[in-house]
Amino acid sequence: MDRIPLLPILFATTFGLLFSACTQQPTVSEQNVSRIMETLSSDQMKGRHAFGSGIELAADFISAEFENIGLSTLPGKDNFRQEFSIYTLKPKNASIIINNREVGGQYYFGLTNAETVSWTPNNTNVNYISAQDDYRKKFGEYSSDDESSVIVVDGEHEKLFHKYRTYFSRSNRTFELNSEPNDIFVIFDEKVNSYDITLENTVKSQGLSNIIGKIEGKRENEIVLFSAHYDHIGVVSAVDEDSIANGANDNASGVSAVIELARYFQNMPKPERTLYFVGFTAEEVGGYGSKYFSQQMDPNDIVAMFNIEMIGKPDVDGANSAWITGFDKSTFGEILQNSVSDSNFVFYPDPYPNQNLFYRSDNATLAKLGVPAHTISTTPIDVDQDYHRVSDEFNTLDITHATNTIRAIAKAARVIISAEQTPTRILNGEDNLTSNK
Ligand SMILES: [Zn+2]
């Protein structure tokens, strides 16, 4: 065999490696997507209920991934957790005296925001919902105004009153005690002359964490947000001896997208806009993670929000497509659509408008503040047999489809990240969104 001169080969190899290092795009690997989904949906995480025992493992896992990728923390922080507390109030004792008569437990309920609340003629007004009034409408008015009051309801509304009472007597959650007015609704058949009313709640405080990593862009105050909730519904009634709702599709799949997008963009040159990667907590119990997050931000700084939910199964139209909620509310969907038009992947408007999905995930909180905040999903929600059931397991997921969807999101996001394109804001977010809820 002839001797092959070594130097040219070495040179060619080195040059080739260098060359490919300069031009090669980072890729999203099925291996990582699969590993992340499998870990987050394992029984060890106990279904990741926001107030359950498995949620901390999930928070630690996402933090470790962010650390590994090399994301930055928020200013002044040495870890990826955005911590906050939620207070849960439950009715304990009550003493309801009106016109020197005691009112029985069936005939009142309170909407309260403190451990102990007292209503006396010195500190509150009395309002009436008469037999002729529209109960629902009046309830809405009195419960949302800025005043604490005693609302006396005519016995004609007893049936509806008991429905409301059942609902509102369970528990109430708040970020801050004593931050809202307190109302008490009472069925009473006379005009009120005197009253002395006290309600006591048990109060429990629980700590929660959003997980936030960042890639600093050239423009500090133009933020592109990639998010997914990492909590799920936890342990539920057993089906075939399985009681852990693993939440593989909902929403370990979305979190795998956020982590892999972080890895993808970390391997790209410094972006023009700043990127936030967020795992929201407590979506399933009322969206508290995204609510808290939005209160810490100036919404005007957020240029776009890619919220990702349930991309583990292709929609009925097949793989290589994903839909976007609230497509007509900003130009976000159109931008994504156009950015992948040279590929075989399609973004299209949410095909399930009756499900009100635009209002049912963490994007809604930011959209209310004007942010073009949309949810990207692929699961046929109307027929999916695993949604919020113990059967939402890792082995039902289509990893190739999820990976392709993440790749398409990465590709589509590039024109927004580079500031070549900016989606329009959502107009009148507050009015638009609350009336539709
Ligand atoms: Zn979800």
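## Salt bridges across the chain

The side chains of Arg-35 and Glu-65 come together in a salt bridge, with 2.8 Å from N to O. This pair joins distant parts of the chain, since Arg-35 sits in helix 2 (residues 30-40) and Glu-65 in helix 3 (residues 55-69), 30 residues apart. Arg-35 is partly exposed, at a relative accessible area of 33%, whereas Glu-65 is buried, at 7%. Please keep in mind that this is a predicted model. The count of salt bridges in it comes to 16.

Another of these pairs is Asp-189 with Arg-101, whose closest N and O atoms are 3.7 Å apart. How accessible is Asp-189? Its relative accessibility is 65%, and because exposed means over 50%, Asp-189 counts as exposed. Arg-101, at 37%, counts as partly exposed.

Glu-272 belongs to the loop between helix 6 and strand 13 (273-280), while Arg-219 is in strand 10 (residues 219-229); the two are 53 residues apart, and the pair links distant parts of the chain. Both partners are partly exposed: Glu-272 has a relative accessible area of 23%, and Arg-219 has a relative accessibility of 33%.

As background, side chains of opposite charge can pair when their charged atoms come close.

## The zinc site

Three residues coordinate the zinc ion: His-229 through NE2, Asp-250 through OD and Glu-309 through OE, at 2.1 to 2.2 Å. Along the sequence, these donor residues follow the spacing H-x20-D-x58-E. Asp-250 is part of helix 6 (residues 248-266), and Glu-309 is in the loop between strand 14 (302-308) and strand 15 (321-324), so the two tie together parts that are 59 residues apart in sequence.

## A strand covered on both faces

Strand 3 (residues 108-111) is covered on both faces. Tyr-108 and Gly-110 are buried on one side, and Phe-109 and Leu-111 are buried on the other.

The pairing partner here is strand 8 (residues 183-187), which runs antiparallel to strand 3 over 4 bridges. Within this pairing, Tyr-108 stands opposite Val-186 of strand 8.

## Nonpolar cores

The largest nonpolar core has 61 residues. Those with the most contacts inside it are Phe-226, Phe-265, Phe-277, Phe-306, Phe-347 and Ile-416. Helix 10 (residues 399-417) supplies the largest share of this core, with 11 residues. A second, separate core has 18 residues, including Phe-280, Met-297, Phe-358 and Ile-426.

What does Phe-347 touch, leaving aside its neighbours within four places in sequence? Phe-347 is in contact with Ala-322, Ile-324, Leu-336, Gln-337, Val-340, Ile-376, Ala-408, Ile-409 and Ala-412.

How values were computed: Residues numbered from 1 in each chain as written. Predicted model: local features only at pLDDT ≥ 70, side-chain atom pairs only at ≥ 80, totals over all residues. Heavy atoms only, no water. Buried < 20%, exposed > 50% of the residue type's maximum accessible area, 1.4 Å probe, protein only. Pairing = 2+ DSSP bridges. Donors = N, O, S within 2.8 Å, 3.2 Å for Na, K, Ca; no water. Salt bridge = Lys/Arg side-chain N within 4 Å of Asp/Glu carboxyl O. Core = buried A, V, L, I, M, F, W, Y, C linked by side-chain atoms within 4.5 Å. Contact = heavy atoms within 4.5 Å.
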